[in-house]
Amino acid sequence: MEKVLFLDACVRDHRSRTKKLCDTYIEQFMEAHPDAVLETVTLRRGTVQTHTEEKLAERDEYVRQKDFDQPMFDLARQYQEADYIIIGTPYWDLSFAAVLKVYIENIMVPDLTFKAVNDGFIGLCRGKKMIYITTAGGAIGNKNYGYDYMCAIAEMTGIGQTQCIKADMLDIEGCDADVIMAEAEKEIRAMFQV
Ligand SMILES: Cc1cc2nc3c(=O)[nH]c(=O)nc-3n(C[C@H](O)[C@H](O)[C@H](O)COP(=O)(O)O)c2cc1C
């Protein structure tokens, strides 16, 4: 049974255009993988916690003991077991919504999601593919820093394939956001056509 993990960092929720693209992608994906199980992590303020000195010390001790059943590793275990990871985030300040970074800090656990070796890292996750979905008010161009960073995280955790799906120029005068969104949704549907 394949596991699909949706990391929903679409902060504006029902008004979010990124979320709209995510919904279309997930609908198409689930049709193409009818036996897959979807789990969603809704990343909003307060749903994931930043590290503190005390928590890090506690975490280091659990890692030393390889005690990964602790609740503080729930998100990391879920990430580690997912076959597909779909990330939805608006393009904010050349990158992604900060809550996604807090999530990343929670799932990067030595000897659970990656292993540090002398010449780098070995990924310990089961994931086959990470799909990064974003929308932007202006042009993303070659400043897709959020996606580039998530590609590095995918590589470090052993996820071999990444894909970016984006709709940009949505808030530029003279550009028709509805047309751009419709085109992006059409492209998503085309990805699943056999
Ligand atoms: C806090 C914030 C930061 C933003 N930063 C950028 C930016 O750096 N570049 C850009 O093109 N648009 C930027 N935008 C516009 C958003 O990328 C755009 O409105 C996007 O479609 C929002 O996605 P959503 O509809 O899923 O919330 C920003 C918007 C907000 C609220």
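## A buried strand residue

Met-130 is buried: 26 other C-beta atoms lie within 10 Å. The cut-off for buried is 20 or more such atoms, so Met-130 qualifies. This comes from a predicted model. Met-130 sits in strand β6, which covers residues 129-135.

What does Met-130 touch, once residues up to four places away in sequence are set aside? The list is Ile-85, Ile-87, Met-150, Ala-154, Ile-159 and Thr-162. Gln-161 is 31 residues from Met-130 along the chain. Even so, their C-alpha atoms are separated by 6.3 Å.

## The nonpolar core

The largest nonpolar core has 41 residues. Which of them touch the most other members? They are Leu-7, Tyr-25, Ile-85, Ile-86, Ile-87, Ile-131 and Ile-133. Two of these names, Ile-85 and Ile-87, are also contacts of Met-130.

Take Tyr-25 as an example. Neighbours within four places in sequence are left out here. Tyr-25 is then in contact with Ile-86, Ile-131, Ile-133, Ile-165 and Ile-188.

Helix α3 spans residues 74-81, and helix α4 spans residues 98-107. They pack at an angle of about 85°, and their axes are 7 Å apart. Angles of 65 to 115 degrees count as roughly perpendicular, so α3 is roughly perpendicular to α4.

Which residues make the contact? From α3 come Leu-75, Ala-76 and Tyr-79. From α4 come Tyr-103, Asn-106 and Ile-107. By class, five residues in this contact are nonpolar, one is polar and none is charged.

Most residues other than glycine have a negative phi. Two residues here go the other way. Asp-111 has a phi near 70°, a positive value in a residue that is not glycine. Met-169 is not a glycine either, and its phi is positive at about 65°.

Where do they lie? Asp-111 is in the loop between α4 and β4 (114-117). Met-169 is in the loop between β7 (161-167) and α6 (177-191). Asp-111 has 12 C-beta neighbours inside 10 Å, so Asp-111 counts as exposed. Met-169 has 16 inside 10 Å, so Met-169 counts as partly exposed. The cut-offs explain this: exposed means 12 or fewer, and partly exposed lies between that and the buried level of 20 or more.

## Exposed residues and distances

Met-30 is 90 residues from Gly-120 in sequence. In space, the two are 35 Å apart, C-alpha to C-alpha.

Lys-186 is found in helix α6. Lys-186 is exposed too, with 10 other C-beta atoms within 10 Å. Ile-107 is 79 residues away from Lys-186 along the chain. Their C-alpha atoms are separated by 33 Å. Ile-107 is also one of the α4 residues in the contact with α3.

Val-194 is found in the segment after α6. How many C-beta neighbours does Val-194 have inside 10 Å? The count is 3, so Val-194 counts as exposed.

Val-194 and Ala-32 are 162 residues apart in sequence. In space they are 9.7 Å apart, C-alpha to C-alpha.

Conventions: Residues are numbered from 1 along each chain as its sequence is written. This is a predicted model: local features need pLDDT of at least 70, side-chain atom pairs count only at pLDDT 80 or more; totals for chains, interfaces and linings use all residues. Axes are lines fitted to C-alpha atoms, for helices over the stretch in contact, and angles run from 0 to 180 degrees between N-to-C directions. Helices (H or I, at least four residues) and strands (E, at least two) are DSSP runs, numbered from the N terminus. Angles under 35 degrees count as roughly parallel, over 145 as roughly antiparallel, 65 to 115 as roughly perpendicular and the rest as oblique. Two residues are in contact if their C-beta atoms, placed from the backbone, lie within 7 Å. Ala, Val, Leu, Ile, Met, Phe, Trp, Tyr, Cys and Pro count as nonpolar, Asp, Glu, Lys and Arg as charged, and the others, Gly among them, as polar. A nonpolar core is a set of buried Ala, Val, Leu, Ile, Met, Phe, Trp, Tyr and Cys residues joined through C-beta atoms within 7 Å.
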